[in-house]
Amino acid sequence: MTGFAGPSNAADRERVDAFLEVTGFGVALESIRLSADSAPDMLGIDAEAFGSEWSRLVREVFDTDVMLQMGSDILTQTLSDDTLEHAAAFYASDLGKRLVTAENASHMNEDGAAKSEAGAAILSGLQRVNPARVALLEQLNAASDVEDSSIRAIQEVQIRFLMAAAGAGVIRLQMEEPDLREAVRSQEAEMRVSIKKNALEGSAYTYQAFSDAEVLAYAQALEHPKMQEVYALMNAVQYEIMANRFEAVAQRLAGMQPSQDL
């Protein structure tokens, strides 16, 4: 696991756990399990070839309690008490509670195609009749670092997963790690356009019940330096857990799938 340097006034575990529950961090981690569907595609493997074994593997490796414990361990070491208090105060507000409820529901919508279609339709309508709303959603996404953090995370998850799969003998890589990283980076421009589009559609869908004033209030709350620190840490932790779990999947696949070239 990546090392995280902790502040001298790190928050205690009980308060961190309470904060993670209030913010729906466990639900966000549970949504990582849904991302496991992409794992076989990255390796050029058909998940259906595993039958029920794939579903069992995903349930075991992406166990929410295990991931939540990992997140709590890291954040207890890295999140300062003062920063935790600031973020907790916002999410304890009426707006904060409603936002978490909406975000949790969006995270756990397993019909990704329907959600994407609905978000695209909402965004298309906003672009025609309320471009100011689109600008607010863009401000909100920028404040939560959706685009940049997602790109870095996707790249690192892919690389660590492929390297772990190669190390476990599941695949045979035809390039060294530096060349693999360069190949992944070469796709960044196209990836950035896709992520920005998907993030904007996702925000249009998730926050459709909130007024422009509420979206602006949320964006401004996220722009506060202390909230920026919280989101940077929580994003880093979430993606570290994702990479760690994908590496664990690669190890478990070693005894389930014949080696193949990639």
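Q: How many salt bridges does the count come to?
A: The count comes to 16 salt bridges in this predicted model.

Q: What makes Asp82 and Lys226 a salt bridge?
A: The rule asks for a side-chain nitrogen of Lys or Arg within 4 Å of a carboxyl oxygen of Asp or Glu. The closest N and O atoms of Asp82 and Lys226 are 2.7 Å apart, so the pair is a salt bridge.

Q: Why is the pair of Asp82 and Lys226 said to tie together parts of the chain?
A: Asp82 lies in helix α6 and Lys226 in helix α14, so the pair joins parts that are 144 residues apart in sequence.

Q: Why are Asp82 and Lys226 given their accessibility class?
A: Buried means under 20% relative accessible area and exposed means over 50%, with partly exposed in between. Asp82 has 37%, so Asp82 is partly exposed. Lys226 has 27%, so Lys226 is partly exposed.

Q: How do you know that Glu85 forms a salt bridge with Arg15?
A: Their closest N and O atoms are 3.5 Å apart, and the cut-off is 4 Å, so the pair counts. The pair links distant parts of the chain: Glu85 is in helix α6, Arg15 in helix α1, 70 residues apart. Relative accessibility is 41% for Glu85, so Glu85 counts as partly exposed. Arg15, at 31%, also counts as partly exposed.

Q: Which residues do salt bridges that share partners join into one network?
A: The network is made of Arg15, Asp81 and Glu85.

Q: What makes Glu247 and Arg160 a salt bridge?
A: The closest N and O atoms are 3.0 Å apart, within the 4 Å limit, so Glu247 and Arg160 form a salt bridge. Glu247 lies in helix α14 and Arg160 in helix α10 (residues 146-167), so the pair ties together parts 87 residues apart in sequence.

Q: Is Arg160 buried or exposed, and why?
A: Arg160 has a relative accessible area of 14%, which is under 20%, so Arg160 is buried.

Q: How many aromatic pairs does the count come to?
A: The count comes to seven aromatic pairs.

Q: Why is the pair of Phe19 and Tyr91 called edge-to-face?
A: The ring centres are 6.4 Å apart, within the 6.5 Å cut-off. The planes stand at 65°, over 60, so the pair is edge-to-face. Phe19 lies in helix α1 and Tyr91 in helix α6 (residues 81-91), so the pair ties together parts 72 residues apart in sequence. Phe19 and Tyr91 are buried.

Q: What makes Phe62 and Phe246 an edge-to-face pair?
A: Centre to centre, the rings are 5.6 Å apart, with 85° between the planes. The limits are within 6.5 Å and over 60 degrees, so the label holds. Phe62 lies in the loop between α4 (52-61) and α5 (64-78), and Phe246 in helix α14 (residues 225-253), so the pair ties together parts 184 residues apart.

Q: How do you know whether Phe62 and Phe246 are buried or exposed?
A: Phe62 has 2% relative accessibility, under 20%, so Phe62 is buried. Phe246 also has 2%, so Phe246 is buried.

Q: Which residues form one aromatic cluster?
A: Phe19, Phe90, Tyr91, Tyr207, Phe210 and Tyr218 form the cluster.

Notes:
Residues are numbered from 1 along each chain as its sequence is written. This is a predicted model: local features need pLDDT of at least 70, side-chain atom pairs count only at pLDDT 80 or more; totals for chains, interfaces and linings use all residues. Side-chain values use heavy atoms; hydrogens and water are left out. Rings of Phe, Tyr and Trp (its six-membered ring) pair if their centres lie within 6.5 Å; planes under 30 degrees apart count as stacked, over 60 as edge-to-face and the rest as tilted. Helices (H or I, at least four residues) and strands (E, at least two) are DSSP runs, numbered from the N terminus. Buried means under 20% relative accessible area, exposed over 50%, partly exposed in between (1.4 Å probe, protein chains only).
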